Amino acid sequence: PLAKSDFLNADVTRAIRVVTHGLNGVIQVNGKPFNGVMPAWELSDEDIANVLTYAYNTWGNSGKEVTPAEVNKARKLGKIKLKDGE
């Protein structure tokens, strides 16, 4: 669920953490629940920044540019712990 994604556009740090550490469980995207598994990606900070910049600039998203420095900082925060209905 990447097209015009409120989940993606709401928090770039969270998006980076999802890519770097993976995620499983139910999330809400544009008012719909999604329950699945996103495995962690073993990519460099630069590669993850490029992938997320592409996602932010495609499919009607916010146009944000993600930098390798942002990825490095967010990666250190660890895995996301979902709250009910997030």
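# Briefing on a predicted model

Glu42 is an exposed residue, because its relative accessibility of 76% is over the 50% that marks exposure. Glu42 sits in the loop between β2 and α3. The structure described here is a predicted model.

**The largest pocket**

- The volume of the largest pocket is about 490 Å³.
- Its lining comprises 26 residues, and those closest to the centre of the pocket are Pro1, Leu2, Val18, Ile27 and Met38.
- At least two lining residues come from each of α1, α2 (12–21), β1 (23–29), β2 (32–38) and α3 (45–56).
- By type, the lining of the largest pocket has 19 nonpolar residues, 5 polar ones and 2 charged ones.
- Met38, one of the residues closest to the pocket centre, belongs to strand β2.
- Met38 has a relative accessibility of 26%, so this residue counts as partly exposed.

**The nonpolar surface patch**

- Three residues, Leu2, Tyr54 and Trp59, make up a nonpolar patch on the surface.
- Together these three residues have about 330 Å² of accessible area.
- Leu2 is located in the segment before α1 (6–10).
- Leu2 is classed as partly exposed because its relative accessibility is 41%.
- Trp59 lies in the loop between α3 and α4 (68–75).
- Trp59 counts as partly exposed because its relative accessibility is 41%.

**Salt bridges**

- The structure contains 2 salt bridges.
- One of them joins the side chains of Arg75 and Asp45, at 2.7 Å from N to O.
- This pair connects distant parts of the chain, since Arg75 is in helix α4 and Asp45 is in helix α3, 30 residues apart.
- Arg75 has a relative accessible area of 25%, so Arg75 is partly exposed.
- Asp45 is buried because its relative accessible area, 18%, is under the 20% limit.
- A salt bridge also joins the side chains of Glu70 and Lys64, with an N to O distance of 3.1 Å.
- Glu70 is partly exposed, as its relative accessible area is 24%.
- Lys64 is partly exposed as well, with a relative accessible area of 28%.
- Side chains of opposite charge can pair when their charged atoms come close.

**Positive phi values**

- Most residues other than glycine have a negative phi.
- Asn30 has a positive phi, near 50°, and is not a glycine.
- Asn30 is in the loop between β1 and β2.
- With a relative accessible area of 39%, Asn30 is partly exposed.
- Trp59 also has a positive phi, near 60°, and is likewise not a glycine.

**Distances in sequence and in space**

- Met38 and Asn24 are separated by 14 residues in sequence and by 6.1 Å in space, C-alpha to C-alpha.
- Glu42 and Thr20 are 22 residues apart along the chain, and their C-alpha atoms are 7.2 Å apart.
- Leu77 and Leu8 are 69 residues apart along the chain, with 18 Å between their C-alpha atoms.
- Leu77 is in the segment after α4.
- Leu77 counts as exposed because its relative accessibility is 52%.
- Gly60 and Gly78 are 18 residues apart along the chain, with their C-alpha atoms separated by 28 Å.
- Gly60 is in the loop between α3 and α4.
- Gly60 has a relative accessibility of 53%, so Gly60 counts as exposed.

How values were computed. Residues numbered from 1 in each chain as written. Predicted model: local features only at pLDDT ≥ 70, side-chain atom pairs only at ≥ 80, totals over all residues. Heavy atoms only, no water. Patch = residues over 30% accessible without salt bridge, like charges linked within 9 Å, V, L, I, M, F, W, Y side chains within 5 Å. Areas by Shrake-Rupley, 256 points an atom, 1.4 Å probe, with all protein chains shown as cover. Salt bridge = Lys/Arg side-chain N within 4 Å of Asp/Glu carboxyl O. Helix = DSSP H or I, 4+ residues; strand = E, 2+ residues; numbered from the N terminus. Buried < 20%, exposed > 50% of the residue type's maximum accessible area, 1.4 Å probe, protein only. 1 Å grid on protein atoms, 1.4 Å probe; cavity = no way out; pocket = protein on both sides within 12 Å on 5 of 7 lines; lining within 4 Å. Points joined across faces, edges and corners; volume = space filled by probe spheres on them. Nonpolar A, V, L, I, M, F, W, Y, C, P; charged D, E, K, R; others polar.
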